[in-house]
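Here's a quick tour of two spots worth a look. Have the sequence and the 3D view open as you read.

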Amino acid sequence: MSEPFKKIENKENVVWITQPNEAETLLKRRETAFNVARGKLIDSGGKIETAMQTAEAFGRGLFEDFIKREIENWTMEEWIEPVVENIFNPLGTAATFTSISEKEAKSLIFRCRLHEESNEPHMASLFTYGFLRGIFLSAFPQGELIMGSSIAQGAPMIEFTFKINATEKDLFERERVKNFYSQNVKKIQESII
Amino acid sequence: MISDEFVSTGIEKLDKLLEGGIPKGFTTVILGSPGSSIEILSKQLATTGNVLYFTTEETKEEVINTMNRFGWNPAGANFIDIASKYAQSVISGEQKRVSIYEQRSKLRLKELIEIGSSGVPPIARGEEDFLAILSNKIKTSTFEKIIINSLDFFLSQYSQEEVLRTIHAAKISNLQNRGTLFVIMTKGIHGEVFERKMEGIGDCVLELEVLQKGSNFERFLSVKKMRNYAKKIGIARYTIDSDGFVLEMIERIM
C-alpha cells in the first residue's frame with residue numbers, strides 16, 4: 001500500500017502513516033454533525049445513546065457519500081484506503097496504522113482536530129468512536145470497532161482496532177464505551193454548558 | 001374548519017399557513033436542528049386525529065409525560081415504542097452473554113471448541129429488525145396520521161439506501177391508505193445528498209431553523225415544498241409557550 005499512506009518499513013515492522021491534507025468542506029460537515037450531537041445530548045437530558053446514534057448516523061452518511069462502491073464483500077484493504085484518503089486525511093487526522101491484516105487493523109490516532117478545537121475531550125472521543133463505527137459497520141456489519149485508550153482518559157492518543165468479525169466479547173464494546181461515557185456524562189454536560 | 005381532503009396538523013396557525021392542513025395521502029418531511037424544539041412539534045402533531053406514533057429516542061412514557069405537561073391529550077395516539085424495544089434488546093443480549101459464559105465455564109475443552117466453531121453467536125446483534133417493524137406497521141395502517149420520530153435512529157442502524165427504500169414504500173402505502181405520514185429527521189447529520197433525497201420523497205417539506213440575532217435566538221418554520229400547492233410555500237416565526245408552538249408573522253414566499 002502506498003498512497004494515501006506513507007509506508008514505513010524496517011526489518012521487523014511495517015507501519016502506515018496517514019497524510020493529513022485538510023479539506024474545509026469535510027471539516028465543516030463534521031463540525032456541524034458534532035454540534036448536532038451535542039445539541040441532541042442536551043435536548044435529550046443527557047442520553048448518551050442519542051449522541052452515539054447521531055455520531056453513527058453521521059458515519060454512515062460519510063460512508064455513503066465518500067466510500068461506497070459496488071462491492072459485495074469488502075476486504076479490509078478495500079475499505080481502509082478510501083477511508084484514509086477521503087475521511088482521515090481531509091479531517092486532518094494524523095494516525096499510524098500499526099497493523100493491517102485481512103481480519104483486523106490497528107490504528108493510533110495521535111492528532112485529532114476535533115479534540116483540539118472542541119475543548120470537550122469526552123464528547124469528542126465519544127463522537128469519534130461513534131462515527132468511525134458507523135463508517136466501519138457500513139462495510140462490515142459483522143464487525144466491531146474496539147476502543148483502547150482515548151484522549152478523554154488522559155492518553156496521548158486514541159487506539160482503535162477494526163475487527164471484521166466481532167467476537168462475543170467485542171459485540172458489547174459499543175455498550176462498554178457508552179457506559180464509560182455515561183459515567184462521564186456530567187463532565188460532558190459541564191464542558192458543553 | 002378543516003375540509004375532508006385535509007388533515008389538521010394540530011397547530012391552528014400552521015393549518016392556516018398551510019391553508020387548510022396537510023392534504024390526505026401526503027408524506028411530510030420535517031427537518032430541524034437541536035434547539036428548534038422539533039421534538040415538541042412531533043408531539044403536538046399527535047394531539048389531533050387517530051395517530052400511530054413511532055418513538056425512537058424517547059420511551060412512550062416520556063412522550064406521554066411531555067404531552068401531559070403541555071396539557072395535550074395523548075389518548076388518540078397509539079405508540080410503537082422502538083426506544084424501549086431497542087433498549088430491551090441490548091439488555092437481553094447482555095443477559096444472554098452472561099448466561100453463555102456461565103454455561104461455558106462448566107463445559108469441557110472439546111465442547112468449547114465445538115461451540116466456538118459455530119462462529120459468532122447471534123446475541124448482541126440479535127435485535128429486532130426495526131426497519132421491518134416500521135414498514136409492516138405502516139403498510140397495514142388505518143390511522144389518519146403516522147408520525148415517525150425520528151428517522152435518525154434508523155439511519156444509525158441501517159444504510160441510507162435501505163432507509164430510503166423503506167420510506168419510499170411507506171409513502172406509497174400512505175398514499176393508498178389516504179393517511180398523512182410525517183417523517184422527522186435532524187438536519188446536519190446525514191449529508192446534503194441524503195437530505196435532498198428525502199426532500200424529493202416528501203410531498204410537503206417543513207424546516208425548522210434557529211437563527212442567532214445578537215444575543216437572541218429566533219426560530220423560523222418554513223414550508224419549503226408543497227406539491228401541487230405552490231402558493232402554500234411560506235415562512236413563519238415561532239416561539240414555544242406553555243401551549244406548544246405559537247406561530248407568528250406568517251409570510252408568503254410565492
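## Ground rules

This is a predicted model, with local features needing pLDDT of at least 70 and side-chain atom pairs counting only at pLDDT 80 or more, while totals for chains, interfaces and linings use all residues. Residues are numbered from 1 along each chain as its sequence is written, and chains are lettered from A and ligands numbered from 1 in the order in which they are written.

Helices (H or I, at least four residues) and strands (E, at least two) are DSSP runs, numbered from the N terminus.

## Two crossing helices in chain A

Take helix α2 (residues 48-67) of chain A and helix α3 (residues 76-88) of chain A: their axes come within 10 Å and cross at roughly 105°. That makes α2(A) roughly perpendicular to α3(A) (65 to 115 degrees counts as such).

On the α2(A) side the contact uses A:L62, A:F66 and A:I67, and on the α3(A) side A:P82, A:V83, A:N86 and A:I87 (contact means C-beta atoms, placed from the backbone, within 7 Å).

## A buried strand in chain B

Now for strand β4 (residues 51-55) of chain B: 5 of its 5 residues are buried, so it is largely enclosed by the rest of the structure (buried means 20 or more other C-beta atoms within 10 Å of a residue's own). B:V51, B:Y53 and B:T55 point one way, B:L52 and B:F54 the other.

β4(B) runs parallel to strand β5 (residues 77-81) of chain B, joined by 5 bridges, and B:L52 has B:N78 as its bridge partner there. Another 5 bridges join β4(B) to strand β6 (residues 145-149) of chain B, also parallel, where B:L52 partners B:I146.

Definitions and conventions: Axes are lines fitted to C-alpha atoms, for helices over the stretch in contact, and angles run from 0 to 180 degrees between N-to-C directions. Angles under 35 degrees count as roughly parallel, over 145 as roughly antiparallel, 65 to 115 as roughly perpendicular and the rest as oblique. Two residues are in contact if their C-beta atoms, placed from the backbone, lie within 7 Å. A residue is buried if 20 or more other C-beta atoms lie within 10 Å of its own, exposed if 12 or fewer, and partly exposed in between; C-beta atoms are placed from the backbone. Two strands pair if DSSP finds at least two bridges between them.
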